[in-house]
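Hi,

Here's the structure I promised to pass on.

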Amino acid sequence: MAVFKYLVLLHTDVPKAAQFYAHGLGLAVNVCTLRWAELQSGPCKIALMQAPSDLQVTKGYSPFLSFNVTDMDSTVMRLLSMGGELDGAIKHQPQGKVAAVRCLDGHMLALFEPAQ
């Protein structure tokens with residue numbers, strides 16, 4: 001049986017990307033070097049790996065990382081101040097607020113703040 005270890009995302013600047021996730025979303029940084037970082041979000045791990053220099057980054061919608069947040073507005077503002085890019089407006093739905101933010105290298109972050 002295979003056991004899921006972590007999701008790996010390619011980034012052009014691993015330490016900067018690790019700080020984006022750590023300060024923007026509050027993820028714990030377990031390891032961070034110039035070429036590799038491991039971040040903890042509850043029981044899940046996200047790994048950041050140095051992208052090959054000839055890699056062309058594309059901005060698609062897959063894969064995306066989904067996070068529950070306690071304060072949508074401050075989380076989005078924090079991510080934007082660190083170089084993130086809001087993809088559309090924050091939507092207010094009966095179940096709560098939802099937003100999509102692209103990280104520094106274009107990976108999509110889906111954010112959800114449950115209604116009170």
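This is a predicted model: local features need pLDDT of at least 70, side-chain atom pairs count only at pLDDT 80 or more; totals for chains, interfaces and linings use all residues.

Starting with the surface: the protein chain has an accessible surface of about 7000 Å², and 57% of that belongs to carbon and sulfur atoms (Shrake-Rupley method, 1.4 Å probe; for residues, only the protein chains shown count as cover).

Residues are numbered from 1 along each chain as its sequence is written, and side-chain values use heavy atoms, leaving out hydrogens and water.

On to the fold: there are two helices and nine strands, running β-α-β-β-β-β-α-β-β-β-β along the sequence (DSSP runs numbered from the N terminus: helices are H or I with at least four residues, strands E with at least two). The C-alpha trace spans about 40 × 35 × 25 Å along its principal axes.

One residue I looked at is Leu104, in the loop between strand S8 (96-102) and strand S9 (108-114). Leu104 counts as partly exposed because its relative accessibility is 29%. Leaving aside neighbours within four places in sequence, Leu104 is in contact (heavy atoms within 4.5 Å) with Lys16, Ala17, Phe20, Met82, Gly83 and Gly84. Ala17 sits 87 residues from Leu104 in sequence, yet their C-alpha atoms are 6.7 Å apart.

Cheers

Key. Buried means under 20% relative accessible area, exposed over 50%, partly exposed in between (1.4 Å probe, protein chains only).
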